[in-house]
Amino acid sequence: MDKVIKTRNYQKHIMKDGTLDICRACHRPGETLRHIVSGCSHLANSEYLHRHNQVARIVHQQLALRFGLIDLMPYYRYGPASVLENSSALLYWDRTITIDRYITANRPDIVLVDRSVRRAIIVDFPFVQTKIEPHARTTDFSELRAF
Ligand SMILES: [Zn+2]
């Protein structure tokens, strides 16, 4: 047996068993592996968002540990605070950044301000690869450079 995931696209085009290539979740054509992993509109606001938040939480926890903002705890118990701060760093979680002019992309997943080198790092995790819009969000944070 070949080790493939038996998507409906696989059934239709490889197995040629007459299956209709309709996604079982969103009922749209094209149930490919890529569609299931990152392109299904039905899964966008649930499974993909959950996966995205889990990854972002782990990165946030590692940054917080690295800068001495939290004590070590199991990753599955960690819930990021909106703001963590000490003398060496400032760490934001999913927080709107306000600057002196209007910009649309102002809420990255994580912002780290490393005070020792006077530098801010913006971290944002895309969670879909296709054109579906799970929620209105712009991820081009280039305008935050002035921040
Ligand atoms: Zn789908």
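In the predicted model, Leu84 stands opposite Leu91 of strand 2, and this pair belongs to the contact between strand 1 and strand 2 (residues 89–93), which are joined in the antiparallel sense over three bridges. Helix 3 (residues 41–66) packs on the sheet that contains these strands, touching strand 1, strand 2, strand 3 (110–114) and strand 4, and the direction of the helix makes about 15° with that of strand 3.

The sheet as a whole is open and consists of four strands in the order 1-2-3-4, with antiparallel pairing. Strand 1 (83–85) and strand 4 (119–123) stand at the edges, and because each has a single partner strand, one side of each is left without a neighbour in the sheet. On average, and with direction ignored, neighbouring strands of the sheet are turned by 10° against each other. Strand 2 and strand 3 are paired in the antiparallel sense over five bridges, and within this pairing Val111 of strand 3 is the bridge partner of Tyr92. Strand 3 is in turn joined to strand 4 by five bridges, the two strands running antiparallel, and here Val113 stands opposite Ala120 of strand 4. In general, the strands of a sheet pair through backbone hydrogen bonds, either parallel or antiparallel.

The protein has 147 residues, of which 18% count as buried. Of the contacts with a separation of 6 or more, 41% are accounted for by residues 24 or more positions apart.

The largest nonpolar core has ten residues, namely Ala56, Leu63, Ala64, Phe67, Leu69, Leu91, Tyr92, Ile110, Val111 and Leu112. At least two residues of this core are supplied by each of helix 3, strand 2 and strand 3. Leu91 illustrates how these parts meet: with neighbours within four places in sequence left aside, Leu91 is in contact with Leu63, Ala64, Phe67, Leu69, Leu84 and Leu112. A second, separate core has five residues, among them Cys23, Cys40, Ala44 and Tyr48. Nonpolar side chains tend to be buried together in soluble globular proteins.

Ser88 is found in the loop between strand 1 and strand 2 and counts as partly exposed, because 14 C-beta neighbours lie inside 10 Å, a number between the limits of 12 or fewer for exposed residues and 20 or more for buried ones. When residues up to four places away in sequence are not counted, Ser88 touches Phe67, Gly68, Arg115 and Ser116. One of these, Arg115, is 27 residues apart from Ser88 in sequence, while the C-alpha atoms of the two are 5.1 Å apart in space.

Positive phi values were found in residues other than glycine, including Lys16, Asp94 and Arg118. Most residues other than glycine have a negative phi. Lys16, with a phi near 50°, has its place in the loop between helix 1 (8–15) and helix 2 (33–39), and Lys16 is exposed, since 8 other C-beta atoms lie within 10 Å. Asp94, whose phi is about 45°, is found in the loop between strand 2 and strand 3, and with 14 other C-beta atoms within 10 Å this residue is partly exposed. Arg118 takes a phi near 55° in the hairpin of strand 3 and strand 4, where four residues lie between the strands.

As to the confidence of the prediction, the mean pLDDT of the protein is 88, and 86% of the residues reach 70 or more. Among the elements, the lowest mean pLDDT is that of helix 2, at 92, and the highest is that of strand 1, at 98. Over residues 132–136, by contrast, the pLDDT is below 50, although this stretch has nine contacts in the model beyond near neighbours in sequence. Where pLDDT is low, the predicted coordinates should not be read in detail.

Note on methods: Residues are numbered from 1 along each chain as its sequence is written. This is a predicted model: local features need pLDDT of at least 70, side-chain atom pairs count only at pLDDT 80 or more; totals for chains, interfaces and linings use all residues. Two strands pair if DSSP finds at least two bridges between them. Axes are lines fitted to C-alpha atoms, for helices over the stretch in contact, and angles run from 0 to 180 degrees between N-to-C directions. Two residues are in contact if their C-beta atoms, placed from the backbone, lie within 7 Å. A nonpolar core is a set of buried Ala, Val, Leu, Ile, Met, Phe, Trp, Tyr and Cys residues joined through C-beta atoms within 7 Å. pLDDT is the predictor's confidence in each residue, from 0 to 100.
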